[in-house]
There are 2 protein chains.
Amino acid sequence: MMGTEQSRALVRRYFDSLTARDWDTFAAVLADDVVYEMPQSRERITGKERYVRFNQEYPGEWELALTRLVADGATAAASISFVMDGEHQVGLAFFELADGLVAQVTDFWPEPNEPPPGREHLVERLPGRLDHFGPGR
Amino acid sequence: MMGTEQSRALVRRYFDSLTARDWDTFAAVLADDVVYEMPQSRERITGKERYVRFNQEYPGEWELALTRLVADGATAAASISFVMDGEHQVGLAFFELADGLVAQVTDFWPEPNEPPPGREHLVERLPGRLDHFGPGR
């Protein structure tokens with residue numbers, strides 16, 4: 001059974017090693033049968049080897065920064081600020097953790113959009129980029 | 001200072017009262033100066049009265065079900081399955097909680113997309129709808 005502090009440290013190590021392209025450390029935080037899912041494109045990657053390779057082969061110049069981290073027993077959620085070829089994106093991930101390792105990651109990549117009409121009387125529009133939330137805790 | 005169990009119960013009450021259109025209970029979980037943000041459209045709603053009204057006026061026939069809930073001290077993250085006029089969507093929310101009330105909600109609504117070419121050798125495509133994750137904990 002994983003505790004919240006252990007989960008928090010594990011997810012930090014996941015993102016720190018990914019940011020550093022430290023593939024040995026990244027592989028070491030993953031369960032052998034890790035499952036990575038991107039529900040928006042209905043894609044699934046199964047197994048440590050493929051998932052490390054997916055990240056190694058990821059095209060473009062990218063940097064990421066953790067902006068939120070919520071850990072709760074053997075689950076966690078995070079948001080990241082992701083800059084790809086100069087374009088800012090937000091990534092949202094839910095984690096399932098087991099035996100000190102990352103067992104499942106579910107990743108979402110919401111995109112900018114325009115609000116539907118009819119709620120202007122309640123809403124203000126913010127300047128700037130998607131998700132202005134600052135560096136993570 | 002809010003504890004994890006209190007936060008978890010508060011976020012459940014937030015979604016339960018929203019699902020039930022129980023506006024009195026919904027208003028009672030919100031701080032007077034609650035801030036609701038949708039970073040994708042750079043929209044912000046400030047204050048309990050406006051935010052309750054936003055939900056009361058939300059157009060269309062909708063149902064929601066909580067699918068994930070991660071609580072961590074005075075923060076939480078959740079995913080919901082949202083069906084609007086027969087169409088399934090996934091909503092993702094991060095919460096800031098204070099004094100037993102919801103102080104901030106940041107909502108994301110990722111949309112289905114097609115994967116870029118070049119990773120077919122690592123990925124399987126799943127049938128079915130966006131985010132097949134089941135009912136929440």
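Helices (H or I, at least four residues) and strands (E, at least two) are DSSP runs, numbered from the N terminus, and two strands pair if DSSP finds at least two bridges between them. The model is predicted: local features need pLDDT of at least 70, side-chain atom pairs count only at pLDDT 80 or more, and totals for chains, interfaces and linings use all residues. Residues are numbered from 1 along each chain as its sequence is written, while chains are lettered from A and ligands numbered from 1 in the order in which they are written.

**Strands**

- Arg125(A) has Glu43(B), in strand 2 of chain B, as its bridge partner.
- Strand 1 (residues 30-38) and strand 2 (residues 43-46) of chain A pair in the antiparallel sense over four bridges.
- Opposite Tyr36(A) stands Ile45(A), in strand 2 of chain A.
- An open sheet of seven strands, with mixed pairing, has the order 3(A)-4(A)-5(A)-6(A)-1(A)-2(A)-7(B).
- Strand 3 (62-72) of chain A and strand 7 (124-125) of chain B stand at the edges with a single partner strand each, so one side of each is left without a neighbour in the sheet.

**Contacts between the chains**

- Chain B has 42 residues in contact with 42 residues of chain A, where contact means that C-beta atoms, placed from the backbone, lie within 7 Å.
- Elements that give two or more residues to the side of chain B that touches chain A include helix 3 (48-56) and strand 4 (75-84) of chain B.

**Symmetry**

- A rotation of 180 degrees with 0.0 Å of shift along its axis superposes chain B on chain A (RMSD 0.0 Å), by least squares on the C-alpha atoms of residues with pLDDT of at least 70 in both.
- The two copies are thus related as by a two-fold rotation axis.
- In chain B, the C-alpha of Pro110(B) is the nearest to the axis, 2.1 Å from it.
- Both copies use the same surface, as 100% of the contact residues of chain B recur in chain A.

**An exposed glycine**

- Gly118(A) lies in the loop between strand 6 and strand 7 of chain A.
- Gly118(A) counts as exposed because it has 11 C-beta neighbours inside 10 Å; the cut-off for exposed is 12 or fewer other C-beta atoms within 10 Å, and for buried 20 or more, with partly exposed in between.
- The C-alpha atoms of Gly118(A) and Met2(A) are separated by 46 Å, and the two residues are 116 residues apart along the chain.

Notes: Contact = placed C-beta atoms within 7 Å.
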